Structure formats: C-alpha cells, structure tokens
Amino acid sequence: MCRNIRTLHNFSPPARSDEVQAAALQYVRKVSGSARPSQANEEAFARAVEAVAAATQQLLDELVTTAPPKDREVEAAKARERAALRYGTR
C-alpha cells in the first residue's frame, strides 16, 4: 500500500470526504505512475479519482465492526512514536 494512504475505517469522528478524496488521489497517482497527468490524460485521471473516492466512501459506509472506534489523536501519537523509533530521532 502507498505510505500516504492511511486507514480510514473505524475512527471517531468518521473519515471526512476530503480524507477519502486524498486517499483516492494517492491511489490513482500510484497506479498511474504519475503525480500529475498530461493534458491528454487529465480527464481520465479526474474520473478515476472520483470513481475511487465513491467506491471508498461506499466501502467505509458499509463496513461494520464490533471494535470501539479509534481516537485520531491517540493513533497519531502512536504513529509519531513509531517514526521516532524508526528514524532514531528519539
């Protein structure tokens, strides 16, 4: 998975539409191998981002879990701690 795509399921508050859109954009960039499409491919790129965002939102809306929602701040702190250990900045 692309490192910039984050887990969006089971958070409190739920993922916002801009987070879903950003994940879709990262996915399409990764799959296409292009951060910015050429003018000839711009329309297809935009349609792909919209389709992936819609599919992602549908998936998030339909997933069920019995686990309690994760707190965004707690998870962000854990990620910072892991990064500090990984990169030796701690």
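Analyst: Let's start with the word itself: a pocket here is an open set of grid points, where a 1.4 Å probe fits, with protein on both sides within 12 Å along at least five of seven lines. Keep in mind that this is a predicted model. The second largest pocket holds about 250 Å³ of space. Its lining is made by 14 residues, and I5, R6, L8, A23 and T56 are the ones nearest its centre. The largest share, four residues, is from α2. Sorted by class, the lining has ten nonpolar residues, three polar ones and one charged one.

Now for the other pocket. The largest pocket has about 650 Å³ of space and a lining of 16 residues, with R6, E75, A76, A79 and R82 nearest its centre. Here α3 provides the largest share, nine residues. The class count reads six nonpolar, one polar and nine charged. Notice that R6 is named among the residues nearest the centre in both pockets.

As background, nonpolar side chains in soluble globular proteins tend to be buried together. A15 is a handy one to click on: leaving aside residues up to four places away in sequence, it touches L8, V20, L60 and R72.

R72 takes us to the salt bridges. The whole structure has four of them, and in one of these R72 pairs with E19, the closest N and O atoms being 3.0 Å apart. E19 is in helix α1 (residues 17-32) and R72 is in helix α3 (residues 72-87), so this pair ties together parts that are 53 residues apart in sequence. E19 counts as buried because its relative accessible area is 18%, under the 20% cut-off. R72, at 22%, is partly exposed.

Another salt bridge joins D18 and R16, with closest N and O atoms 3.1 Å apart. Both ends are partly exposed: D18 has 44% relative accessibility, and R16 has 46%.

Most residues other than glycine have a negative phi, and most peptide bonds are trans. N10, in the segment before β1, has a positive phi near 65° although it isn't glycine. At 17% relative accessibility, N10 counts as buried. Then comes a cis peptide bond between S12 and P13, with omega about -5°. P13 lies in the loop between β1 (11-12) and α1.

So, to come back to your request: the pocket you asked about has a lining with ten nonpolar residues, and α2 gives the largest share of that lining.

Key: Residues numbered from 1 in each chain as written. Predicted model: local features only at pLDDT ≥ 70, side-chain atom pairs only at ≥ 80, totals over all residues. Heavy atoms only, no water. Salt bridge = Lys/Arg side-chain N within 4 Å of Asp/Glu carboxyl O. Buried < 20%, exposed > 50% of the residue type's maximum accessible area, 1.4 Å probe, protein only. Helix = DSSP H or I, 4+ residues; strand = E, 2+ residues; numbered from the N terminus. Contact = heavy atoms within 4.5 Å. 1 Å grid on protein atoms, 1.4 Å probe; cavity = no way out; pocket = protein on both sides within 12 Å on 5 of 7 lines; lining within 4 Å. Points joined across faces, edges and corners; volume = space filled by probe spheres on them. Nonpolar A, V, L, I, M, F, W, Y, C, P; charged D, E, K, R; others polar.
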